[in-house]
Amino acid sequence: MEPLDRSTIWPYDEQGEAREFHYQRFGNPTVAAAEAALGELDGGTALLFPSGAGATTALVLSLLEPGDAIALAAGGYYGTGVTFAALEPWGIRVVEFDQTGPPPNGVQLVWLEAPSNPYLTMPDLEAAAAHSAPVLVDATVATPVHLRPLEHDADFVLHSATKYLAGHDDALLGVVVCREAAAAEELRSFRGRTGIVASPDAAWLLLRSLKTLDARVRRQTETAAFLAERLRTHPAVGIVRYPGLGGLLSFDVADAEAARKVETSTRVIVNATSLGGVTSLIESRRRWEGDRVPPGLLRLSVGLEDPETLWDDLEQALA
Ligand code: PLP
């Protein structure tokens, strides 16, 4: 197991020259080990950030200039739009589009989500790759177990590593994986200068979690597919959104009141936000996203509990 190194400083060498690690803001061995593992998973050069939103901010500010526009997948993680809105005073503009088709012209960055949270659509990666702007795929929900976007000509992959990669609801982290080494070096330099850096403690937890990533995600996918099928036959459930991969799904009940009743009636599944951990979580997304989602939309992140136990819990909550 990789040792946890909390040092913020490392001595210069005998000639008085800085070694690879000299001051934690510019790099540390534990974060570097996690980045090496993440780079291998996605087939590129990985850089760790203190959160998914921090990774988003760092990438946008280092890549774009005032006046530039981002084509953002509609129906994706609402917080990404919130982050972009916070960057508006710096001249960053956003155009939403349907990611199942080609991105609009006149943008300097294409931002996709695979699959989108909570609408669970998959992007048209081929159409995006044909666009002249760099393409980023937020593959938080798919994870590298199901999708390696760099192999589909994406330029960047982003993960909220808080979710499946760390997987235990105990570490906040983000990662950007770059296809081009030169792009990674530019982002690394920007990160060091702006100080948007991950802590070694969180990186150590991530390293621990990556050992079980494949086993966790495969089991979560199997259980999610099973629950999606059962939910589709339940009379109180309307549309069920599940793209056939990953551990996240969403479904609609009659209205906001029904959704509130279901989310507060589960006994095994915890009523909390976030996704990708070993514990199943359910929540009405209306409370955060307002009119962007149907009033009865429930998002379910499937954990590692026994599938029949989860179904029994959903059934009694829907009753
Ligand atoms: N991307 C997706 C798809 C997410 O679901 C989230 C968080 O929910 C983020 C990015 C942001 O990540 P973080 O919460 O680690 O900042």
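This report walks through a predicted model, from its nonpolar core to its ligand site and its strands.

## Before you start

Because the model is predicted, local features need pLDDT of at least 70 and side-chain atom pairs count only at pLDDT 80 or more, while totals for chains, interfaces and linings use all residues. Residues are numbered from 1 along each chain as its sequence is written, and side-chain values use heavy atoms, with hydrogens and water left out.

## The nonpolar core

A nonpolar core here is a set of buried Ala, Val, Leu, Ile, Met, Phe, Trp, Tyr and Cys residues joined through side-chain atoms within 4.5 Å. Buried means under 20% relative accessible area, exposed means over 50%, and partly exposed lies in between (1.4 Å probe, protein chains only). The largest such core has 47 residues, and L38, L48, V110, L112, V137, L165 and L206 have the most contacts inside it. Its largest share, 6 residues, comes from helix α7 (residues 200-210). Helices (H or I, at least four residues) and strands (E, at least two) are DSSP runs, numbered from the N terminus.

Contact means heavy atoms within 4.5 Å. Setting aside residues up to four places away in sequence, L112 touches A73, F97, Q99, P123, L125, A128, V135, L136, V137 and D138.

## L59 in helix α2

Now look at L59, which sits in helix α2 (residues 52-63). L59 has a relative accessible area of 1%, so it is buried. Beyond residues up to four places away in sequence, L59 touches W111, L136, F156, V176 and L187. The C-alpha atoms of L59 and R188 are 9.9 Å from each other, although the two residues are 129 apart along the chain.

## Around the ligand

A residue counts as near a molecule or strand if one of its heavy atoms lies within 4 Å of it. There are 14 residues around the ligand, and A53, D138, S160, T162 and K163 come nearest. A polar side-chain atom of D138 is 2.6 Å from a nitrogen atom of the ligand. For oxygen atoms of the ligand, the distance to a side-chain N or O atom is 2.8 Å at S160 and 2.7 Å at T162. On its own the ligand has 390 Å² of accessible area, of which the protein covers 90%; such areas come from the Shrake-Rupley method with a 1.4 Å probe, and for residues only the protein chains shown count as cover.

T140 lies in the loop between β5 (135-138) and α5 (143-146). With a relative accessible area of 10%, T140 is buried. Its side chain makes a polar contact with the side chain of D138 (2.6 Å). A polar contact is a pair of N or O atoms within 3.5 Å; within protein, one must be able to donate a hydrogen and the other to accept it, and residues adjacent in sequence count only if both atoms are side-chain atoms. A polar side-chain atom of T140 also lies 2.8 Å from the backbone nitrogen of S160.

## Strands and a sheet

Strand β2 (residues 69-73) has 5 of its 5 residues buried. A69, A71 and A73 cover one side, with I70 and L72 on the other. Two strands pair if DSSP finds at least two bridges between them; β2 and β3 (residues 93-97) pair in the parallel sense over 5 bridges, with A71 opposite V95.

Elsewhere, an open sheet of 5 strands runs in the order β8-β9-β12-β11-β10, with mixed pairing. Its edge strands, β8 (240-241) and β10 (270-271), each pair on one side only. Strands β8 and β9 (residues 248-252) run antiparallel, joined by 2 bridges, and V240 stands opposite F251 in β9.
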